[in-house]
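Please open the structure in your viewer and keep the selection tool at hand.

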Amino acid sequence: MVAGLLLGLVLGAGLTGLLAARWSRRSARSTAYLRRRASAAEDELAQVVERASRLEGALDLVGEGIVIADLDGRRLFTNAAAGLLTDARHEEALVAAAVDAALAEGLEGRTVEQGIELFGPPTRQVTVAASPLGPGGGRLGAVVLVRDESRLRRLEAIRQEFVANVSHELKTPIG
């Protein structure tokens, strides 16, 4: 009886050891697999972060202001040009309010465009345009584009004045 009990204990311990060794090998394989997957995920995340960083850098170089917001209205990105035009100082407060209003319209799925004239030396004309953001009608948020059109309007006024002067001079007799 004692021999049977000892034999049972030895067999039980051997079987337990065998199962533990098998589970240890499986666990080691699973751990190695999980480590490989984690490493691959880290590499992929690093690539995504690098691409996002390059995209942000490129958008900062654009001369027009860009503001991107998610569906909750949180601003995810504001490039340098938008930051300069929407800082809450004097007339820029008007631009900031227009950006907020356009952003709300864009988040509701509407495309809007509004012109603002800022009277402060120098006089400036700013256009704020918003549009929903997302592929194929699915909304992910909204994007607002802020353009300072002052220089373009001044050039257009100079062109019109030049054409008017030339036209007048051609009609005047050379006398």
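The stops that follow concern a predicted model.

In what order do the five strands of the open sheet lie? The order is 2-1-5-4-3, and the pairing is antiparallel. Strand 2 (75-78) and strand 3 are found at the edges; each has a single partner strand, so one side of each lacks a neighbour in the sheet. On average, neighbouring strands are turned by 15° against each other, direction ignored.

**The nonpolar core**

Now select Val-95, Val-99, Val-126, Val-128, Val-144 and Val-146. These residues have the most contacts inside the largest nonpolar core, which has 17 residues. Two or more residues of this core come from each of strand 1 (65-70), helix 3 (92-107), strand 3 (112-118), strand 4 (124-133) and strand 5 (141-148). Which element gives the largest share of the core? Helix 3 does, with six residues. As a general background, nonpolar side chains in soluble globular proteins tend to be buried together.

**A nonpolar patch on the surface**

Turn to the surface and select Phe-162, Val-163, Val-166 and Leu-170. Together they form a nonpolar patch with about 410 Å² of accessible area. One of these residues, Val-163, belongs to helix 4 (residues 150-171). Val-163 has a relative accessible area of 43% and is therefore partly exposed.

**Salt bridges**

The final selections concern charged side chains. Side chains of opposite charge can pair when their charged atoms come close. How many salt bridges are found in the whole structure? The search finds ten.

Select Glu-50 and Arg-54, which form a salt bridge with their closest N and O atoms 3.3 Å apart. Both lie in helix 1 (residues 2-61); because they are four residues apart, about one helical turn separates them. Glu-50 is partly exposed at 46% relative accessibility, whereas Arg-54 is exposed at 52%.

Proceed to Asp-100 and Arg-75, whose closest N and O atoms are 2.3 Å apart in a salt bridge. This pair links distant parts of the chain, since Asp-100 is in helix 3 and Arg-75 is in strand 2, 25 residues apart. Asp-100 is partly exposed, at 43%, and Arg-75 is partly exposed, at 38%.

Finally, select Asp-70, Asp-72 and Arg-74, which are linked in a network of salt bridges.

Conventions: Residues are numbered from 1 along each chain as its sequence is written. This is a predicted model: local features need pLDDT of at least 70, side-chain atom pairs count only at pLDDT 80 or more; totals for chains, interfaces and linings use all residues. Side-chain values use heavy atoms; hydrogens and water are left out. A nonpolar core is a set of buried Ala, Val, Leu, Ile, Met, Phe, Trp, Tyr and Cys residues joined through side-chain atoms within 4.5 Å. Buried means under 20% relative accessible area, exposed over 50%, partly exposed in between (1.4 Å probe, protein chains only). Two strands pair if DSSP finds at least two bridges between them. Axes are lines fitted to C-alpha atoms, for helices over the stretch in contact, and angles run from 0 to 180 degrees between N-to-C directions. Patches are made of residues with over 30% relative accessible area and no salt bridge: like charges are joined within 9 Å, nonpolar side chains (Val, Leu, Ile, Met, Phe, Trp, Tyr) within 5 Å. Accessible areas come from the Shrake-Rupley method with a 1.4 Å probe; for residues, only the protein chains shown count as cover. A salt bridge is a side-chain nitrogen of Lys or Arg within 4 Å of a carboxyl oxygen of Asp or Glu.
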